[in-house]
Amino acid sequence: MSNFEKEIPLSESIEYVKLHLMKKTILLINPWIYDFAAYDLWIAPLGLLYIASFLRNNGYAVQIIDCLTSPPLETLPSGKQPRRFPSGHGKFLKESIEKPLILRGIPRKYNRYGIHPETFRKSLRDCLHPNLIFVTSMMTYWYPAVFDMINILKQEIPGVPIILGGNYVTLCHDHALKSGADLTISGEGEPQIPRLLKDMLGDECYFITNINDLDSYPYPAFDLRARWEQISILTSRGCPFRCNYCASHLLSSRYRRRNPIKVVDEIDYWYRSFGIKHFSFYDDALLVDPDEMAIPLFREIIKRDFACHFHCPNGLHLREITAELSRLMFRAGVKTLRFGFETSDIRRQLETGGKVNNEHLQLAITYLTEAGYRLQDIGIYLLCGMPGQSAAEVFETISYVKRCGARPIIAEYSPIPGTALWDAAVKASPYPISAEPLFHNNSMLPCQNEDFSYEMYQECKKRSRTS
Ligand code: B12
């Protein structure tokens, strides 16, 4: 008798059925976006994909609908496909929609970015019936899409508990209670989900033994996405800095880092198992204490000789750039460089956190160009529209960066509750930003004033683009 023919005892076959055929199903959703502007700069719902991986390891059937990742056949209203680049960035599907009433004074079109609601409804009908639904959220001002999504879920799959988490919930918890979700969870999901599964499904789950040991986390479940040209990598959680405009310290309990060699093992896994050649780092502080992370990380990448490219769309720290680090980054294949400089105004540099000064910018540009980078590859983020900031300061910063030879990139300030700059932002803004997260939207210049009007902001954008 072969293995296949051997009789299975009844108790074992019941276990088999329980394990494989009656798996509990959890549906994970990344909502689409409503905004004036959105570009897919290596965007992925990384937190949700980590959670998906934990759930899968615990035997759940996990399904993901990522409303930002279009199925191949969906097109723009013009009939065309959105333009995408092989390196994993590009345009989203986009359709103009009516602006929320309170934004009607903003002279820009408002759009839905991502799949059509009918495609979403159809995907829901094609899914296995879930026991639970997890919805994520990112920018605070993207909440209306989250609310709409929850509404559709309730119509299409009534009675299934919906749990909402993510940055919007962490930063605007009271507001998120109006979302219609059955439960809203602030903060990092991993340490909280076992308790949730016990309470809601009666299940004992194994997640992580130690929240401080990031190396014990499974790799995020990118393979469950409909399309994944690139993988987002986190070498750490949190940030050691406390810049007054940033919410990082509110989102992660403390600053923790992975072992750099284990990070390269992850890159190796995606590269060798799935042929992925593009990776984006999502860290808040990738280059800080370079001997502990960046130097061993890039050395190991060079040693393993991957034919891969690396992208850093989130701001890197200029002050850490040395001749050695520049050479390692260049040789390792770091192609997209973005640095957080914010302003050339010395007083504001100190006020925002003192992480960088003008000399750091000049030195970094010298080292990077000596290592082989072209000046136009060096993208410098400049914060624009902070409370009390004048247009003259931003104009001067743009020309300073240009005089140094690098490429200025405007990053409009988004006020975030709980940050050190929040109270000043509330005072400076002509909009009721504490009552309505839609006004946190960076594209509308939430803290504009007489010294910095919307027209001046457009002038800043123009000046940053012209040589
Ligand atoms: C990487 C990053 C980006 C990437 C893209 C990220 C993405 N997926 O969209 C890039 C560089 C493109 C980007 C751009 C911008 N960003 Co950004 N970004 C980040 C950053 C550093 C990390 C986000 C991340 O992936 N974290 C890691 C994962 C693991 O965490 P997570 O997704 O939050 O998930 C965890 C929890 O939230 C929770 N969770 C998540 N979902 C769920 C669901 C359930 C059910 C449960 C229980 C739990 C749960 O558990 C997860 C695991 O622990 C954050 C800061 C931060 N430290 O979070 C800023 C941040 C989100 N960005 C911010 C801003 C301002 C911007 C920009 C507007 C900057 C600018 N001025 O241009 C742009 C706008 C982007 C756009 N498309 O329009 C702000 C948010 C502002 C706001 N009002 O909400 C943040 C908070 C930074 C800050 N200034 O403080 N960003």
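Which side chain does Arg237 meet in a salt bridge? I looked it up: the partner is Glu188, at 3.2 Å from N to O. The rule I used asks for a side-chain nitrogen of Lys or Arg within 4 Å of a carboxyl oxygen of Asp or Glu.

Ground rules before going on. I am working with a predicted model, where local features need pLDDT of at least 70, side-chain atom pairs count only at pLDDT 80 or more, and totals for chains, interfaces and linings use all residues. Residues are numbered from 1 along each chain as its sequence is written, and side-chain values use heavy atoms, with hydrogens and water left out.

Entry: domains. I noted domain 1 (10–201) and domain 2 (230–465); the bounds come from an automatic or database domain assignment. I have their C-alpha centres 27 Å apart.

Entry: the interface. I find 31 residues of domain 1 in contact with 35 of domain 2, contact being heavy atoms within 4.5 Å. The buried area between the two domains comes to about 2700 Å², with 62% from carbon and sulfur atoms; that is accessible area (1.4 Å probe) lost on putting the two parts together, summed over both. Trp42, Tyr141 and Glu188 supply 26% of what domain 1 buries against domain 2, more than any other three residues.

Entry: the ligand. How many residues surround the ligand? I get 38, and the closest are Thr136, Thr140, Glu190, Ala247 and Asp284; a residue is in if one of its heavy atoms lies within 4 Å.

I then checked ligand oxygen atoms. A backbone N or O atom of Ala247 is 2.6 Å from one, and a polar backbone atom of Thr140 is 2.8 Å from one. Arg237 is back too, with a polar side-chain atom 3.0 Å from a ligand oxygen.

Last, I sorted the shell by class and got 21 nonpolar, 12 polar and 5 charged residues. For my tally, Ala, Val, Leu, Ile, Met, Phe, Trp, Tyr, Cys and Pro are nonpolar, Asp, Glu, Lys and Arg are charged, and the others, Gly among them, are polar.

Note on methods. A polar contact is a pair of N or O atoms within 3.5 Å; within protein, one must be able to donate a hydrogen and the other to accept it, and residues adjacent in sequence count only if both atoms are side-chain atoms.
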